[in-house]
Amino acid sequence: MENQRLLAFAEDVARNAGDILRRNFGRRQKIHFKGEIDLVTEIDKESENYIIGRIREVFPDHGILSEESPEQSSSSLYKWIVDPLDGTTNYAHGYPCFCVSICVERDGESVAGAVYDPMLDEMYTAAAGAGAFRNGRSICVSEVDKLRSALLATGFAYDVNVSTDSNFDYFKAFVFTGQAIRRDGSAALDLCYVASGRFDGFWELKLKAWDTAAGCLIVREAGGVVTRLDGGAYDLRQPDILASNGKIHAHMVEVLRGAKKQR
């Protein structure tokens with residue numbers, strides 16, 4: 001019952017924050033750079049301020065981890081993990097692929113999560129043990145069981161220009177083993193697309209907890225599998241992630257291990 005209450009709150013806040021993003025989409029933005037190609041817009045902050053304000057109003061004792069602000073620690077068992085705008089580069093360029101991602105943990109375990117795409121008006125939700133949903137309808141992962149027939153997704157970290165751990169070797173390996181690869185620029189939506197069967201698998205390096213928290217819960221509740229790239233146990237503090245419908249997971253791990261050995 002408590003998880004459902006938390007989920008209802010997360011869904012409401014994500015939808016309203018998404019409305020902020022949608023209303024301002026296409027307008028000229030004030031852009032600041034956190035790195036050479038890592039940017040943040042004024043709307044990131046507006047969305048984040050709204051979300052944190054709502055959490056503080058209703059759950060004043062809960063912890064909060066959000067992308068654009070220092071972590072707010074707490075002695076409470078509960079922590080909110082927030083990405084106020086996942087897909088900032090897309091948003092800044094007027095590319096309509098972005099979302100709001102909100103998850104809440106209890107004692108380190110994700111118990112409720114919501115990811116809202118305001119441009120498609122798609123709300124992905126899950127509560128621990130209660131299944132996954134899109135706009136209130138149950139979703140599940142795909143039935144594709146051969147990697148050659150799989151539509152995959154990935155992304156590249158902001159240090160792609162300078163890092164030797166750049167994902168290009170993995171990308172090349174899947175070009176030759178999968179059916180096709182998409183790179184849409186929003187890890188949270190990529191995970192939701194795995195959960196709903198649009199994608200069959202997803203991998204990425206150097207992600208943060210706010211990128212994956214809600215999406216991982218949604219994938220698992222939709223019947224999917226989430227691990228590290230080598231197949232080991234994944235938690236939100238790990239930098240690399242592999243998510244799939246489960247049927248192609250072992251083959252994806254095999255391809256990733258093979259690509260790593262060839263470095």
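Visitor: Which residue stands opposite Val225 in β14?
Guide: Strands here are DSSP runs of E, at least two residues long, numbered from the N terminus. Look across from Val225 into β14. The residue facing Val225 is Ser244.

Visitor: What kind of model is this?
Guide: Residues are numbered from 1 along each chain as its sequence is written, and side-chain values use heavy atoms, without hydrogens or water. Local features need pLDDT of at least 70, side-chain atom pairs need pLDDT 80 or more, and totals for chains, interfaces and linings use all residues, for the model is predicted.

Visitor: How many bridges join β13 to β14?
Guide: Two strands pair if DSSP finds at least two bridges between them. β13 and β14 run antiparallel. The number of bridges joining them is three.

Visitor: Which strands form the edges of the seven-strand sheet?
Guide: The order is β3-β4-β5-β6-β7-β8-β9, an open sheet with mixed pairing. An edge strand here pairs on one side only. Those strands are β3 (63-66) and β9 (137-138).

Visitor: Which residues touch the most other members of the largest nonpolar core?
Guide: A nonpolar core is a set of buried Ala, Val, Leu, Ile, Met, Phe, Trp, Tyr and Cys residues joined through side-chain atoms within 4.5 Å. Buried means under 20% relative accessible area, exposed over 50%, partly exposed in between (1.4 Å probe, protein chains only). The largest core has 37 residues. Those touching the most other members are Val115, Phe202, Ile218 and Ile241.

Visitor: How far from Cys99 is the nearest cysteine sulfur?
Guide: A disulfide is a pair of cysteine sulfur atoms within 2.5 Å, and the whole structure has zero. For Cys99, the nearest cysteine sulfur belongs to Cys192, at 6.8 Å.

Visitor: Is Cys99 buried or exposed?
Guide: The relative accessibility of Cys99 is 0%. Therefore Cys99 counts as buried.

Methods
Helix = DSSP H or I, 4+ residues; strand = E, 2+ residues; numbered from the N terminus.
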